[in-house]
Amino acid sequence: MINVSSNLLASSFFAYFIATILAWGSFASKQKKASLKIKKWERISIIVAALGFLLQIGYFITRWIAISHVPVSNMFEFTTFLGMMIVLGYLIIYLIYKTNIIGLFALPTAMTVIAYASVFPKEASPLVPALQSYWLKIHVTTAALGEGILTISFVAGFIYLLRVVDQTKSSKKTFWIEFVIYSILSTLAFAIVSYIFNAMNFETTFSWVNETQQEQELVYHMPAIVGPPDGEIVKSSHSFKPIVEAPSWMNGVNAPRKLNSLIWSLLMGLVLYIMLRLLFQKRIGAKIQPYLKNIRPELVDEISYRSVIIGFPVFTLGALIFAMIWAQEAWTRFWGWDPKEVWALITFLFYAAYLHLRLSKGWEGEKSAWLSVIGFVIIMFNLIVVNLVIAGLHSYA
Amino acid sequence: MIECECGHKNPIGTELCESCGKPFHEETEQKLLDMRYEGVARRSKTYQTTIIDKIWNFFSSVKVGIWIIVLTLIASAIGTILPQEMYIPPNVYPAQYYKEQYGVVGYIFYTLGFHNLYGSWWYMLLLASMGLSLIIASLDRVVPLYRALKKQSVTRHTSFLKRQRIFGISRVPNPHETIKQVEQKLKEKHYQIRKENGNILAEKGRFSRWGPYVNHLGLVIVLIGAMLRFFPGMYVDEVLWIRDGETEAIPGTDRKYYLKSERFILETYDQDDKKFQEIIKKVGNGIPKNYQTDAILYENKNVGIAGAEPKLVKLKQQSIKVNHPLKFDGFALYQTSYKLNEFHKMYFKLEEKETGKTFGEIEVDLLNPKSTYNLGNGYKVEILEYFPDFEFGDKGPTTKSKIPNNPAFVFKMYTPKTKDGEISFVAIRQNLEPFGENKFKMTFTKLDVRNVTALTVRKDRTLGVIAFGGLIFMIGLVQGMYWNHRRIWVQIVGNEIWMAAHTNKNWYGLKKEIDYVIKDTDLTKPQDQKEHKGEVA
Ligand code: HEM
């Protein structure tokens, strides 16, 4: 069953890939003339994406059956699910606006998130007592759906920026656009690097004293640029030695290894980015812009705003209200200033500020597009950095 | 009062006539109208002299509100850089801990008081001003807005229509016929129609305008609920340790309730569990599966009667597990901690050293040892001293605590052969004879252990308030976000039909509806003046 499930996930990933190509294909050719045929390709793209979504639902259900609890209980499962919710958000927006513009970037974003997920251990993990509650399903799925829809706001906002920011000269704005692209490339690089080193069977085992002051072994599957603090190599498949040690204030589980992966991703992301720059001979944003010429900025702006409008209540319900109800049952208090809780609150406050700025200060278009990018950064921060640096009660993530 | 040409009397400060919508400041002719609050007179815009006005105006400003939100956001984020005081080990000095663990950053964090950020006075102040701002900003707007929406008339001033974002003029052969058609179509889209002299005001979703105020009210209730925590009696937070088989009064209930723990159980995942084999192999055995206390809840019927023994009546029997607290009378008991295999009873035999013969066994309850154990036939053991948690300190043997972690005894053994008694000191794997060689000794035979469970006793009377606030907040949120307030005005002006429309959000949806409404009629499509002309005023 677990194999069936993995295969379904792989096929859905493949479907998203095809749907992305179709989406870009239909858009690139739209510039010439908007013919019925192109409309047809756009249709096929959305159908393939929907098919991918169904396959991923299939993955979800079969995995659920295989491990007999809802598969959102470790980083791999949760992040995969988040990818699925991004696709769902995209499909919802498609149903409302009947345009596939969002697919151009929503599908790649979802794929990047799923690729990122696939790097985490995929074994089924048994539920510790704190997770044995039906609130696990309710809270985690609703929160992820909210985050997925809010991600669509980022996607639309980012398309807006790519579309309108003046690319004829370099500026602070073009820099930050390139920076967002670079960050996405780094996430992709993370998946690629992990696959390569896994295939090469890289392995270094350190012994070190972990954040709970226990002597432990830590296995790296990538060459260690950053070793554990005061770590000693027990055995290694290669002669590569750490260049520096991870700072001891990083308190996440296995933080040194995660930091090492992060550094690898950033480096390889840079390599990918430079390769693309050399290939295009111009800023990547400048390369993409002409493809988006036919998009009406007002429409993507509206979609971006609308996604916040739809996503904000869902996020609030899932990530704050359901979370608090569950925390009251499991941890004896509905609110305990656990870092993950606080970052959900920060996300909430941020989007509240977004709504007020938009409503009262008239922050539309470019300003709110930048805000939607920052919002996404906050969501990803909660997923990645809080997990890496900060120790908390959440048993995973 | 400002009297409009339509005859309606408006409060001072009104921008657009509440009834016909005529703008009172014509100089902005070319621009679109600011429709956000229907141009109503708001206190904050009208009175600006006294100190109360100034405070009111400060807190009713959305700009200030946004600053409060952003500051709260930034402060909250700073608090997560290092663990809060409540998450550091309980037996350390915070000042030292932060410095040692986190260096300079830790020192600064502690010195600035960020280690207890969420309980600090200035964080409270932020939340309080958020509450104040929510209340004032909402009142400043909701009252006049309600008035304006109630007073609005069907027929609008032409300059009101012209300056709506969506606006169009059509020349049609038969205006009255066209209006009839439009009315029909609007009804199909579930608009409520009001008519006056052949003009139409179609409106729907007005209730969504109250969404923000409802959700703000919810937030205010939540904030009030959070403050209630600090009143005595609203909040109980105690820990109850119970040993297997014991019955204890539940702290915080004034001895009204008692709990018996029949047993505490810890289960771990089975190594042979096929589903999770891989991970169990990796992290080793002992992934916990269940923490459980089988408990019986009693009520003390003699509560309040001075000096009376508790008279316990069984109320409830339940297994308390993580995620399944035992709830009663506003209290909840949570499985939060445990201690396995605490020493319970020790057994010793009285033995003659030379012959190895034994003369009976004593059973020492380590929490409640007897002072004398009579073994009959002139054999007797006395406990002269008992150290439950033995330690050899500066002043000789002492006990670290009352918990029998490392019991030690000074026995005095009486036998027919040793009528004056012999003294022996017995601890785990130790047997000393401080006053010279003895004939008899106490031989350890066996140990009984039992588990101890720790239950958090919690009563939180603010829960209801906070849950209620949360509910109101969600209702307001959904009301304001998932519905919009849309209005379409269709008016006969001379031999033209003027059409204007407004929505508080989701213009795309409104435009789609207008497309539907004018389809198959002689009306031309109204324009979105914002896409074709300048920005909103
Ligand atoms: C975390 C705190 C807050 C949350 C979650 C919140 C939520 C909201 C929401 C969801 C809306 C509706 C927005 C829309 O429909 O696009 C809104 C509107 C509004 N909020 Fe807040 N709010 C918060 C704090 C504040 C504060 C502190 C103020 C103080 C000035 C404020 C003033 C307003 C005003 C004036 C409106 C517009 C009402 C209207 O135009 O009809 N809010 N708020």
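This is a predicted model: local features need pLDDT of at least 70, side-chain atom pairs count only at pLDDT 80 or more; totals for chains, interfaces and linings use all residues.
B:Ala306 sits in the loop of chain B that runs between strand β9 (288-300) and strand β10 (312-321), and with a relative accessibility of 76% this residue counts as exposed. The points below take up each chain in turn, then the interface, and then some single residues.

**Chain B as a whole**

- Chain B contains 12 helices and 24 strands; its radius of gyration is 40 Å, well over the 24 Å that the globule rule gives for 537 residues, so chain B is more spread out than a compact globule.
- The C-alpha trace of chain B spans about 130 × 55 × 50 Å when it is laid along its principal axes.
- Of the 537 residues in chain B, 47% count as buried, and the accessible surface of the chain comes to about 28,100 Å², with 55% of it belonging to carbon and sulfur atoms.
- Among the contacts in chain B that have a separation of 6 or more, 61% are between residues 24 or more positions apart.
- Chain B carries 75 positive and 60 negative side chains, and the centres of these two sets lie 5 Å apart.

**Chain A as a whole**

- Chain A has 11 helices and 5 strands; its radius of gyration of 21 Å is close to the 21 Å that the globule rule gives for 397 residues, so chain A is as compact as a globular protein of that length.
- Along its principal axes, the C-alpha trace of chain A spans about 65 × 50 × 45 Å.
- Buried residues make up 60% of the 397 residues in chain A, while the accessible surface of the chain is about 16,200 Å², of which carbon and sulfur atoms account for 68%.
- When contacts in chain A between residues at least 6 apart in sequence are considered, 75% of them join residues at least 24 apart.

**Where the two chains meet**

- On the chain B side 55 residues are in contact with 64 residues of chain A, and the area buried between the two chains is about 5,000 Å², with 64% of it given by carbon and sulfur atoms.
- B:Thr80, B:Asn323 and B:Tyr508 together supply 13% of the area that chain B buries against chain A, which is more than any other three residues supply.

**A buried serine in chain A**

- A:Ser307 belongs to helix α9 of chain A, which covers residues 297-330, and at 0% relative accessibility this serine counts as buried, because buried means under 20%.
- Leaving aside residues up to four places away in sequence, A:Ser307 touches A:Ile93, A:Ile149, A:Leu150, A:Ile152, A:Ser153 and A:Phe312.

**Two residues with a positive phi**

- A:Thr332 has a positive phi of about 70° although it is not a glycine; this threonine lies in the loop between α9 and α10 (339-360) of chain A, where it is buried, with a relative accessible area of 5%.
- B:His190 also has a positive phi, of about 65°, although it is not a glycine; this histidine lies in the loop between α7 (175-188) and β4 (192-196) of chain B, and at 67% relative accessibility it counts as exposed.

Technical notes: Residues are numbered from 1 along each chain as its sequence is written. Chains are lettered from A and ligands numbered from 1 in the order in which they are written. Side-chain values use heavy atoms; hydrogens and water are left out. Helices (H or I, at least four residues) and strands (E, at least two) are DSSP runs, numbered from the N terminus. The radius of gyration is taken over C-alpha atoms; the globule rule is 2.2 Å times the number of residues to the power 0.38. Buried means under 20% relative accessible area, exposed over 50%, partly exposed in between (1.4 Å probe, protein chains only). Contact means heavy atoms within 4.5 Å. Accessible areas come from the Shrake-Rupley method with a 1.4 Å probe; for residues, only the protein chains shown count as cover. Lys and Arg count as positive and Asp and Glu as negative; His and the chain ends are not counted. The place of a charge is taken as NZ of Lys, CZ of Arg, CG of Asp or CD of Glu. Buried area is the accessible area (1.4 Å probe) that two parts lose on being put together, summed over both.
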